[in-house]
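Please read the following report with the structure open beside it.

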Amino acid sequence: MKKIITLAMLLLAFTGFAQIVQGEITIKEQSKMELTAKSNKAVNLFADFRENKYPIHFVFTVSDVPLNSDKKEVVQFVFSTTVKKDGKTMGTIKRSPMPFFPGNMFMPIETFDLISVLSNIQTNTPETVSEIPKGNYEIILEAKPIGVKGQITSTTLFLKVN
């Protein structure tokens, strides 16, 4: 019985020192957003994001993350974008790990590669460059921490292109 209690206390002690990250990605402060495109051009959607019509917000906190040489908490994240058209996955792109300080920040649309995936679903000619084929799209934006436990809640953009 003493061994079980000792083992339980050791497990609790070790989990108390776990490095943990918690946070979320939102678009216009929502984890799920529906949007009907005004045009079928990916470049116009890019402009809407750049003009902050659809701000992407990334917020996270940390617990027990070791300090770097500047005495700051830094966590690396891999950002990924998955685009589905009418339920079929059209592409997933993962970026190289990027370091971030905990807190609240707005992310540029370039952090995610949804514009490039959308604009390259069909073969573009000079006349059709950046055209998005008609359909219903589900775009999932994710950030996964590297080397620590926890998670960042992803966001989903439902895009309708007529």
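## The chain as a whole

Among contacts in the protein chain between residues at least 6 apart in sequence, where contact means heavy atoms within 4.5 Å, 71% join residues at least 24 apart. The model is a predicted one, in which local features need pLDDT of at least 70 and side-chain atom pairs count only at pLDDT 80 or more, while totals for chains, interfaces and linings use all residues. Residues are numbered from 1 along each chain as its sequence is written, and side-chain values use heavy atoms, with hydrogens and water left out.

The protein chain has three helices and 10 strands, where helices (H or I, at least four residues) and strands (E, at least two) are DSSP runs numbered from the N terminus. Along the sequence these elements follow the pattern α-β-β-α-β-β-β-β-β-α-β-β-β. Of the 162 residues in the protein chain, 37% are buried; buried means under 20% relative accessible area, exposed over 50%, and partly exposed in between, with a 1.4 Å probe and protein chains only. The protein chain exposes about 9,900 Å², and carbon and sulfur atoms supply 56% of this area, which is computed by the Shrake-Rupley method with a 1.4 Å probe, only the protein chains shown counting as cover for residues.

## The nonpolar core and its rings

In soluble globular proteins, nonpolar side chains tend to be buried together. Here the largest nonpolar core has 38 residues, and those with the most contacts inside it are Phe-58, Phe-60 and Phe-77; such a core is a set of buried Ala, Val, Leu, Ile, Met, Phe, Trp, Tyr and Cys residues joined through side-chain atoms within 4.5 Å. When residues up to four places away in sequence are not counted, Phe-77 touches a list of residues that includes Val-21, Phe-58, Phe-60, Met-98, Phe-100, Ile-146 and Ile-152.

A search of the whole structure finds 10 aromatic pairs. Rings of Phe, Tyr and Trp (its six-membered ring) pair if their centres lie within 6.5 Å, and planes under 30 degrees apart count as stacked, over 60 as edge-to-face and the rest as tilted. The rings of Phe-58 and Phe-77 have centres 5.2 Å apart and planes at 90°, so this pair is edge-to-face. Because Phe-58 lies in strand β3 (residues 56-63) and Phe-77 in strand β4 (residues 75-85), the pair ties together parts that are 19 residues apart in sequence. Phe-58 counts as buried at 0% relative accessibility, and Phe-77 counts as buried at 0% as well. Phe-79 and Phe-100 also form an edge-to-face pair, 5.5 Å from centre to centre with 75° between the planes. This pair links distant parts of the chain, with Phe-79 in strand β4 and Phe-100 in strand β6 (residues 98-100), 21 residues apart, and both Phe-79 and Phe-100 are buried. Ring pairs link Phe-58, Phe-60, Phe-77, Phe-79, Phe-100 and Phe-112 into a cluster.

## Helix α2 and its cover

The buried residues of helix α2 (residues 42-50) are Ala-42, Leu-45, Asp-48 and Phe-49. Seen down the axis of α2, these residues fall within an arc of 115°, so they line one face of the helix; the arc is that of the directions from the helix axis to the C-beta atoms. Their cover includes β1 (20-27), β2 (32-36), β3, α3 and β10 (155-161).

Ser-119 lies in helix α3 (residues 114-119) and counts as buried at 12% relative accessibility. Leaving aside neighbours within four places in sequence, Ser-119 is in contact with Ala-42, Asn-124, Ser-130 and Glu-131.

Thr-92 is found in strand β5 (residues 88-94) and is partly exposed, with a relative accessible area of 45%. Not counting residues up to four places away in sequence, Thr-92 touches Thr-81 and Thr-82. The side chain of Thr-92 makes a polar contact with the side chain of Thr-82 at 3.2 Å; a polar contact is a pair of N or O atoms within 3.5 Å, and within protein one must be able to donate a hydrogen and the other to accept it, while residues adjacent in sequence count only if both atoms are side-chain atoms.

Lys-28, in the loop between β1 and β2, has a positive phi near 50° and is partly exposed, with a relative accessible area of 41%. Asp-86 has its place in the loop between β4 and β5, and its phi is likewise positive, near 50°.
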